[in-house]
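Hi,

Here's the structure I said I'd pass on. Have a look at it first, and then read on for what turned up.

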Amino acid sequence: MAHRADPKALLEKGDDFYRCGKYAHAELAFLGVIRLCGCGIGLQKQPCPCKDIVQGIKRTNLADVLKTVCTCPASSDRRCRQSDHLRAFDSLIAVYERQNRIDESFQCAMEMVNLNPRDPKGYLRLGKVFRLKNLPALAHSTYTQGIQLVQRKDPDHPLLPKLREQRDNMQRRARFDPIIMLPLEIWCMVFTHLDFQSQCRCLRVSKAWRASLTAKDAQRLWWIQEYNLPQKVTAAMREGIKKKVMYAGHHVTELSVNGCRHFMTQCGNIPFLFLTSHLKILRLRETDGYFDLQPQMIGPLSPSKSLGITNLHLGKGVGISADLLRRLVEACSNSLEELSVFQLPHPMAHPMTSYEGVPSSWFHDWPMLERLKVIRLVAGRRPAHITSGPEDIMRLAPNVEDVWMDYFDTGRDLRGHPWPKLRSLFLGKNTSWDFVQQLVPLLNDNMRELHLESSFPSFPELIPSTRFAKLEKLSLDSRRITAPVFDVFVRPSIESGTLRELDVQKFPAKAILEGAKEIDWFKSESITHISLAGFNADHYYEDRRFDSAILGLLDRFPNLRSLDIGQEMISDTMLARMIRGGVKTIYHQLGPVRTELRTWAARKHGAQVINGVYPQSPSLHPDRYIN
């Protein structure tokens with residue numbers, strides 16, 4: 001008959017190995033004691049999925065978690081009160097701690113708590129492991145709940161005072177820590193609302209925060225990255241950028257760089273780390289002057305190398321050659337939905353070729369962009385009208401819905417290439433009238449936004465006859481808006497009741513002052529915002545009818561809530577009367593307004609008087625070149 005080993009002797013032998021520093025031998029001895037116990041409960045390689053002890057500690061319902069019925073092979077419902085069994089677990093945890101095997105100590109301590117929830121040794125060990133993992137809040141919660149469970153059955157247990165002492169020691173360090181106490185899904189949701197710079201600062205809060213924020217489960221927090229590099233990039237900054245790419249698991253989906261020059265010239269091969277198939281949004285800006293992108297900065301591009309970029313934004317100060325832009329667009333032609341280039345190559349920078357016998361721009365050799373929905377194209381640093389380009393863009397991107405263009409002209413007939421799905425159009429002040437006159441009649445009847453800065457001609461026969469009856473936003477910026485222009489562009493959407501925002505520069509002030517019958521139609525219950533300008537030009541503000549005319553104009557729009565008066569000479573008294581009439585926000589550029597007026601408006605009517613321009617104007621794009 002085989003001789004059965006004595007657990008107590010094996011425990012003493014393990015203790016001797018531990019004191020001599022022979023931790024591997026000690027581990028085998030203590031594991032042997034655990035296996036010898038008649039309860040049959042051994043050391044589990046994986047935690048029981050039925051009981052989440054850590055969540056129970058976080059949510060202070062550990063007692064309920066320990067009572068959960070186990071339905072898996074771990075059979076964690078079983079308990080054992082054999083002192084040798086518990087002591088073996090306790091000594092084994094000490095061995096793991098000596099060997100810095102913290103994860104194994106953690107697993108063993110949780111099993112010890114589950115093995116006998118009424119014994120304080122398990123809570124002392126588990127609390128210590130939390131302290132070693134720099135999680136004082138969880139250590140404090142473990143001691144606190146352990147005291148509650150132990151004293152229910154044995155209020156005089158000799159180890160209870162030690163458990164209370166450890167709890168009190170942790171009290172000062174156990175502040176509520178959201179990363180530690182909240183589930184991963186919740187604090188990840190919170191951190192996604194922080195900007196990238198705030199997320200980077202969170203790495204310096206504590207070791208626990210850094211460990212949690214850079215864990216594999218938190219990689220999605222780093223998928224959106226933004227860098228502001230107005231100064232020289234140091235070695236430490238380069239190393240920091242590399243680490244943040246690693247935090248994202250080399251899965252960065254959105255990259256924004258303000259300071260493209262330093263990023264491209266002083267970061268070595270770091271830019272290549274971002275240009276993967278995962279990248280969806282790429283925004284580059286140069287905040288200090290002008291910078292030309294070079295092919296070697298982006299890496300090899302060919303039709304065979306496909307990028308998954310959906311939004312390519314080359315903003316203010318970032319130049320690019322015609323060939324490099326074509327290759328970049330070609331690499332993401334199957335995914336590109338939004339294209340913004342605010343420093344288009346100069347027309348003379350690309351050799352003009354022949355397209356159907358007509359001199360053409362470099363757009364014509366681009367690939368088809370069937371998925372493209374948004375286009376913003378501007379010739380910025382060296383303004384020059386780009387000719388023979390719009391028709392190529394129309395042909396290559398037939399599904400565009402939103403267009404923002406400036407410095408464009410046309411040398412060919414546009415009628416063969418309309419945008420049937422276009423819903424929003426902005427044409428800057430440097431767009432030729434010839435282009436406007438050709439394009440506007442081709443626009444579809446379902447347009448929702450139209451913004452024109454062109455100087456309209458004085459001859460009615462040159463004004464497009466197209467009428468838009470479904471516009472929701474309309475802005476016309478010209479030296480003077482004549483009655484025919486006003487009637488053609490404004491009236492249809494006013495009468496249909498769809499127009500919500502109207503910006504007219506310069507307003508037909510004379511007709512307003514004289515109460516001309518030709519604008520009796522100019523009234524609407526749908527308009528919530530109007531921009532007024534044009535009364536200063538001919539000193540109409542000196543007219544005795546001025547105040548009553550302005551108030552009469554506002555009475556035509558009973559649901560008006562926002563008003564931009566620009567630099568119009570409107571007194572504070574008039575502003576107060578507008579606020580009493582229901583206007584909640586007034587934008588102006590008159591300089592400081594009396595504090596009393598602002599205070600009164602906010603207190604009595606919940607209104608604002610803001611010294612500035614209307615922020616929703618499409619002409620205020622931050623990447624726009626102002627010459």
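Let's start with the lining of the largest cavity: helix 15 (260-266), helix 16 (270-274), strand 3 (281-285) and helix 17 (295-298) each bring at least two residues to it. Helices here are DSSP runs of H or I with at least four residues, strands are runs of E with at least two, and both are numbered from the N terminus. A cavity is a set of points, on a 1 Å grid over the protein atoms alone, where a 1.4 Å probe fits but cannot get out, and its lining residues have an atom within 4 Å of a point.

Before going further, a word on the source: this is a predicted model, so local features need pLDDT of at least 70 and side-chain atom pairs count only at pLDDT 80 or more, while totals for chains, interfaces and linings use all residues. Residues are numbered from 1 along each chain as its sequence is written, and side-chain values use heavy atoms, with hydrogens and water left out.

Back to the cavity. Which residues line it? They are Leu255, Phe263, Met264, Pro271, Phe274, Leu275, Leu282, Leu284, Met297, Ile298 and Leu328. By class, that gives eleven nonpolar, no polar and no charged residues. (Ala, Val, Leu, Ile, Met, Phe, Trp, Tyr, Cys and Pro count as nonpolar, Asp, Glu, Lys and Arg as charged, and the others, Gly among them, as polar.) The volume of this largest cavity is about 100 Å³, where volume is the space filled by probe spheres set on the points, and grid points are joined across faces, edges and corners. The count comes to two cavities of 30 Å³ or more.

Now the helix pairs. Helix 6 (residues 102-115) and helix 7 (residues 120-132) have axes 8 Å apart, at an angle of about 155°. (Axes are lines fitted to C-alpha atoms, for helices over the stretch in contact, and angles run from 0 to 180 degrees between N-to-C directions.) That makes helix 6 roughly antiparallel to helix 7; the cut-offs are over 145 degrees for roughly antiparallel and under 35 for roughly parallel.

Finally, helix 1 (residues 7-19) packs with helix 5 (residues 83-98) at about 15°, with axes 11 Å apart. That makes helix 1 roughly parallel to helix 5. By class, their contact has six nonpolar, one polar and five charged residues.

Cheers

Technical notes
Angles under 35 degrees count as roughly parallel, over 145 as roughly antiparallel, 65 to 115 as roughly perpendicular and the rest as oblique. On a 1 Å grid over the protein atoms alone, a cavity is a set of points where a 1.4 Å probe fits but cannot get out, and a pocket is an open set with protein on both sides within 12 Å along at least five of seven lines; lining residues have an atom within 4 Å of a point.
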